[in-house]
Amino acid sequence: MDARSACNDMIVKLPRPELMKLDKTLYTVLRRAVTFDTTVITRVSKDCAPGILSIVSNSDRVHPIRTDRDLTCRLANNRSVFILTHRLLPSRPLVVLHVAHSAGMFQCVSDIKEGMDKSSVDSLCRREQENIKSARSDHVGVDVIQDTGGILSSVHFPASHPFTNVNTFYSISSLEIALRGIPCGGWCISKAKSLLAAPHTLYTTLSPIPGLRNWINVSLKRQHPRVVQIIASGSDFPEVELLLSRPASTPIPRHLRPTVARLAAYYLVKEKQRGRVLCPVGHFHVTNGAVLWGLRWGGTRSEEMQAQSLGLMVNYLYDSDAPARAQQYDSDDMVMHVGRAVEDLLD
């Protein structure tokens, strides 16, 4: 791994053909050595080696762990941290995965980060689950569109199998740049699902949209045809331009939310670069077989993340078909699977 990392550093400074060829050779070697079967998942505890705890503490770039209390909260009984390692290198984590366990769906990632105790978390999530169920259709297996307290999501409730537990993957970090192109993150999620397996359990994410605001700004300047059409059909251009110029903490006016949600859905599903989903977070989850399940308003209280995504977060759903779907994304032109509510936003 160190050899390929060093090779990548040299390519950045001097992209010579012989270095590119060496990088390809090193990738092939690593791809044979690092596989699903040669990697091991471990649940982190406070009794783990100090070196492992230090790596976990410094690995989360999306939701930084700043204090010992933050780390303790990540290891509490309503949350877990998993590391993926190679069986020959148990002290060198390849991936770190953070999971929150609750009785219902989280609305805001800040509620996970701020260390609520289990009873408070379950009470909060049950209230939200009841809000969603109140909108549920009697038709078996339909998706429900809900906009309660700023939520806009697509929720699938199979009538015979209502979920009673939710595992939310709210942060995942790949630590080895040398393993770029090898799906270690997907393996980590798959192995974590196996360890957490229980009846009537939902596996989902609460993920950021890091490039949304910038993409809307650039698209407006370039007069992107679909962006212009979406805004023209639901809002005034000056209102949207004014919204984008305001501080990150400025709430999205309710009457602009449908327009912003449609823009977000288009960005997440339709915007691609050389066949790849443009949103890097979306690309990661889609290539691992997840369904773009829903969008959530007020999904974060972080000003930095609000600045990037206009306050929207995404639920990607990892259901039992995720491994099979992941196999389809080896092609150059990805087809994303989406929930009913997201599909409606694309019409």
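Which residues are buried in helix 1? They are Arg 4, Ser 5, Cys 7, Asn 8 and Ile 11, where buried means under 20% relative accessible area, exposed means over 50% and partly exposed is in between, using a 1.4 Å probe and protein chains only. Keep in mind that this is a predicted model, so local features need pLDDT of at least 70 and side-chain atom pairs count only at pLDDT 80 or more, while totals for chains, interfaces and linings use all residues. Residues are numbered from 1 along each chain as its sequence is written, and side-chain values use heavy atoms, with hydrogens and water left out.

**The whole protein**
- You're looking at 15 helices and 11 strands; these are DSSP runs numbered from the N terminus, with helices being H or I of at least four residues and strands E of at least two.
- Of the 347 residues in the protein, 50% are buried.
- Take the contacts (heavy atoms within 4.5 Å) between residues at least 6 apart in sequence: 72% of them join residues at least 24 apart.

**Helix 1**
- The buried residues of helix 1 include Arg 4 and Ile 11.
- They sit on the same side of helix 1, because they cover an arc of only 160° around the axis, going by the directions from the helix axis to the C-beta atoms.
- Turned away from that buried side is a face with the exposed residues Asp 2 and Lys 13.
- Helix 2 (17-33) is part of what covers the buried residues of helix 1.

**Helix 8 meets helix 11**
- The axes of helix 8 (residues 212-221) and helix 11 (residues 257-269) come within 11 Å and cross at roughly 95°; axes are lines fitted to C-alpha atoms, for helices over the stretch in contact, and angles run from 0 to 180 degrees between N-to-C directions.
- Helix 8 and helix 11 are therefore roughly perpendicular, a label for angles of 65 to 115 degrees.
- Helix 8 brings Leu 212, Trp 215 and Ile 216 to the contact, and helix 11 brings Leu 263, Ala 264, Tyr 266 and Tyr 267.

**A closer look at Tyr 267**
- Tyr 267 is part of helix 11 and counts as buried because its relative accessibility is 3%.
- Leaving aside neighbours within four places in sequence, Tyr 267 touches Ile 209, Gly 211, Leu 212, Trp 215, Leu 278 and Cys 279.

**Helix 12**
- Helix 12 (residues 280-287) has Val 281, Gly 282, His 283, His 285 and Val 286 as its buried residues.
- Those buried residues pack against strand 7 (201-205), strand 9 (276-277) and strand 11 (312-317).

Definitions and conventions. Angles under 35 degrees count as roughly parallel, over 145 as roughly antiparallel, 65 to 115 as roughly perpendicular and the rest as oblique.
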